[in-house]
Amino acid sequence: MKKQLLEQILIKKKHKEEFALITNILTGESFIFEKNKKIDKNFEKYSDEINNYFNNKQNGIIENTDIFIDTYLRPVKVIIVGAVHITQYLLDYAKDLNFEIFIIDPRRYFASEKRFPNMNIINKWPIEAFEEIKTDSSSALIALTHDPKIDDPALKHALKNKFFYIGALGSKTTHLNRCQRLKESGFKEEEINSIHGPIGIKLGGKSAPEIALSIIAQLVSETYKS
Amino acid sequence: MKKTIDEKILDEANSWIKANHKVALVTVIKTWGSSPRQVGSKMIVNENGDFSGSVSGGCVESSIIDESLKLLKDNKPFKKIEFKVSNQNAWEVGLACGGEITIYLEIIN
């Protein structure tokens, strides 16, 4: 592989682009495949198979050929509402996972650069903040303030946009009250039931890093279900 | 598929190159049976035998390092190697876990 190709791959990864690296393992040649872009002429005859692998987000050698496809997927967008103590540990656990994280918190003291250096942190109310983040059914929401003023608008946005994962922090009672409010706002029971509340898988721990670990475990597990 | 994994191996490869190391990139291109690392898994090896990442659960990495050093020394651009299930009675390299893998080694130049 040429150094230049490696650099191109890293730039594409940094820009959260989806692409595949195609290599002929008999000749050592490789090129970057992108959807709807012209395929390198040495690989043209495998165009259909390459597109198939890419569309199925699959890696592997095309049958009866020497062509290897290595697909690079866009990271999963994760929006955390609440720049709280648990959030700091969530970031620690998530740093080696393919997540693109945004933190929303309208409270100035919480959403400070010092607490969250080099992060996408939006010091606005959720409704305004979501205008800056493009979200869809492949996005995830982690709501951690357990303050209805802040969490509820974010939960509503996530439900309307059919996020594949929605989790909300709070006790069982807090969650019951939350479900009641969402019901009164017109959300269907099945939508409300899709919220993971209380958030996280049961590990037993109650400290911030332990709760963060239980949330990340649940999120990864749900990512593979969707 | 590696939905939530973002191995930083390629970033590390780039920083090794920037530090004037010779680097071999090693990728799992095919697996059979219960091989521990999925297709696309990577490791890198430099001319000193330092390595990062993995292509198995530690079963074949030592052999891969030797092969990578040869590749770097002979300045051969690439090589394909297959590893089969190991014979537990022999001191050969293989996959104790019962899987088989094909590995592609290439020099980044």
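**Model and conventions**

Because the model is predicted, local features require a pLDDT of at least 70 and side-chain atom pairs count only at pLDDT 80 or more, while totals for chains, interfaces and linings use all residues. Residues are numbered from 1 along each chain as its sequence is written, and chains are lettered from A and ligands numbered from 1 in the order in which they are written. The model has an ipTM of 0.87 and a pTM of 0.85.

**Overall form of chain A**

Chain A contains 8 helices and 9 strands; helices (H or I, at least four residues) and strands (E, at least two) are DSSP runs, numbered from the N terminus. Along the principal axes, the C-alpha atoms of chain A fill a box of roughly 65 × 40 × 35 Å. Of its 226 residues, 33% count as buried. A residue is buried if 20 or more other C-beta atoms lie within 10 Å of its own, exposed if 12 or fewer, and partly exposed in between, with C-beta atoms placed from the backbone. Among contacts in chain A between residues at least 6 apart in sequence, 54% join residues at least 24 apart; two residues are in contact if their C-beta atoms, placed from the backbone, lie within 7 Å.

**The antiparallel sheet**

One open sheet of chain A has 4 strands in the order β2-β1-β4-β3, with antiparallel pairing; two strands pair if DSSP finds at least two bridges between them. Strands β2 (30-33) and β3 (60-61) of chain A stand at the edges with a single partner strand each, so one side of each has no neighbour in the sheet. Strand β1 (residues 19-24) of chain A is joined to β4 (residues 67-72) of chain A by 6 bridges, and N24(A) has I67(A) as its bridge partner in β4(A).

**The parallel sheet**

A further open sheet of chain A has 5 strands in the order β7-β6-β5-β8-β9, with parallel pairing. Its edges are β7 (120-122) and β9 (165-168) of chain A, each with a single partner strand, so one side of each is left without a neighbour in the sheet. Neighbouring strands of this sheet are turned by 15 degrees against each other on average, direction ignored. Strand β8 (residues 139-143) of chain A is linked to β9(A) by 4 bridges, and L141(A) stands opposite I166(A) in β9(A).

**Helices on the sheets**

Angles run from 0 to 180 degrees between N-to-C directions, and axes are lines fitted to C-alpha atoms, for helices over the stretch in contact.

| Helix of chain A | Strands of chain A | Angle |
|---|---|---|
| α1 (residues 3-14) | β1, β2 and β4 | about 20 degrees to β2(A) |
| α2 (residues 47-55) | β1, β2, β3 and β4 | about 35 degrees to β4(A) |
| α3 (residues 85-94) | β5 and β6 | about 170 degrees with β6(A) |
| α8(A) | β5, β8 and β9 | about 160 degrees to β9(A) |

**Contact with chain B**

The contact takes 26 residues from chain A and 23 residues from chain B. On the side of chain A that touches chain B, α1, β3, β4 and α8 (208-225) each supply at least two residues, and α1(A) gives the largest share, 5 residues. By class, this side has 14 nonpolar, 6 polar and 6 charged residues. Here Ala, Val, Leu, Ile, Met, Phe, Trp, Tyr, Cys and Pro count as nonpolar, Asp, Glu, Lys and Arg as charged, and the others, Gly among them, as polar.
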